Amino acid sequence: MSSETLDRSLVLEAVRVTEAAAVAAWSLVGRGDEKAADQAAVDAMRNALNELAIDGEIVIGEGERDEAPMLYIGEKVGTGSGPAIDIALDPLEGTTLTAKAMANALAVMAWAPKGTLLNAPDTYMDKIACGPGYPEGVIDLDASAADNAKALAKAKGVDVSEITVCVLDRPRHAEIINSLRSVGARVYLITDGDVAGVINTADPDTGVDLYMGQGGAPEGVLACAALKCVGGQFQGRLVFRNNDERARAARWGITDLDRKYSLNEIVRADAIFAMTGVTKGALLDGIRFEKGAVHTHSLVMNSSTRTVREVRMKRPL
């Protein structure tokens, strides 16, 4: 299906949806209630989606129907009268960050023509990503963390000590962290939010060169949609911990459980990606209420035109 499915008018519609979710989540920042914050964002995003002239289906959402009353995988959204699109979303990327009033909480969403986003089950995914400007294949999920850091340093023309790698701060990543530090690479640890972690590799201002580690598969699809818009490389492999997760993958048509996916296998057509800051972070400012108005800061990207728009909204309360 051609990129014409994603009419350019949908770009601003997408950012209005993430704005709605971010503003709703803001009321729960610092309140210590992750579930309430997530639910507020879910409700607002669902309402905003259902106002749009799209024939949308959630392919990456809050879980399967039995687990999520709203924005579950397979849920139909929109008026049904517009273009048929796949939707990947995380109404609140960083529920813990929001509950604790920490940096980098986001509302994120991606759109692509129907049938072109990977139906990733809600499992883990091993991931590696870098930004644009490097030879294809410079990173390899099957190589060691140290070898990937050295390969990127060589491609960048710098010493490996100048390479910064973003990694989720989890015990399961001890081997990756030790491998990176053994060759002198700098490790930038984050507590949550690996969508932002991957996207950081495409923004020189963040200072992040590589992302490595194991995180949620749905977040991997969202991050790929963003990289599709701005350039970069990504490889991922689904990780299954038990037979229930393997059965879940089978329900979504995934038969090769060991497959190493590239970016263009995860997002197989042009995409729109939008994100709005809930709390201030490396990429975006957070929600502000000032002088009787709400202020938001968003990025919206379109892979068909390779454009990235920074959107600041001010709306009277």
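What volume does the second largest pocket have? The answer is about 350 Å³. Here a pocket is an open set of points on a 1 Å grid over the protein atoms alone, where a 1.4 Å probe fits, with protein on both sides within 12 Å along at least five of seven lines, and lining residues have an atom within 4 Å of a point. Grid points are joined across faces, edges and corners, and the volume is the space filled by probe spheres set on them. The model is predicted, with local features needing pLDDT of at least 70 and side-chain atom pairs counting only at pLDDT 80 or more, while totals for chains, interfaces and linings use all residues. Residues are numbered from 1 along each chain as its sequence is written, and side-chain values use heavy atoms, leaving out hydrogens and water.

Back at the second largest pocket, 18 residues make up the lining, and Asp126, Leu141, Ala143, Ala145 and Ile176 sit closest to the centre. Two or more lining residues come from each of strand S5 (124-130), helix H4 (145-156), helix H5 (174-182) and S8; helices (H or I, at least four residues) and strands (E, at least two) are DSSP runs numbered from the N terminus. The lining splits into six nonpolar, six polar and six charged residues, where Ala, Val, Leu, Ile, Met, Phe, Trp, Tyr, Cys and Pro count as nonpolar, Asp, Glu, Lys and Arg as charged, and the others, Gly among them, as polar.

The largest pocket comes to about 680 Å³. Its lining has 28 residues, with Asp90, Glu93, Asp122, Gly216 and Glu219 closest to the centre. Domain 1 (9-116 + 271-316) and domain 2 (124-266) each give at least three residues to the lining of the largest pocket, the bounds being from an automatic or database domain assignment.

Next, the cysteines. The whole structure holds zero disulfides, a disulfide being a pair of cysteine sulfur atoms within 2.5 Å. For Cys166, the nearest cysteine sulfur is that of Cys130, 14 Å away. Cys166 counts as buried (under 20% relative accessible area, with exposed over 50% and partly exposed in between, for a 1.4 Å probe and protein chains only), because its relative accessibility is 0%.
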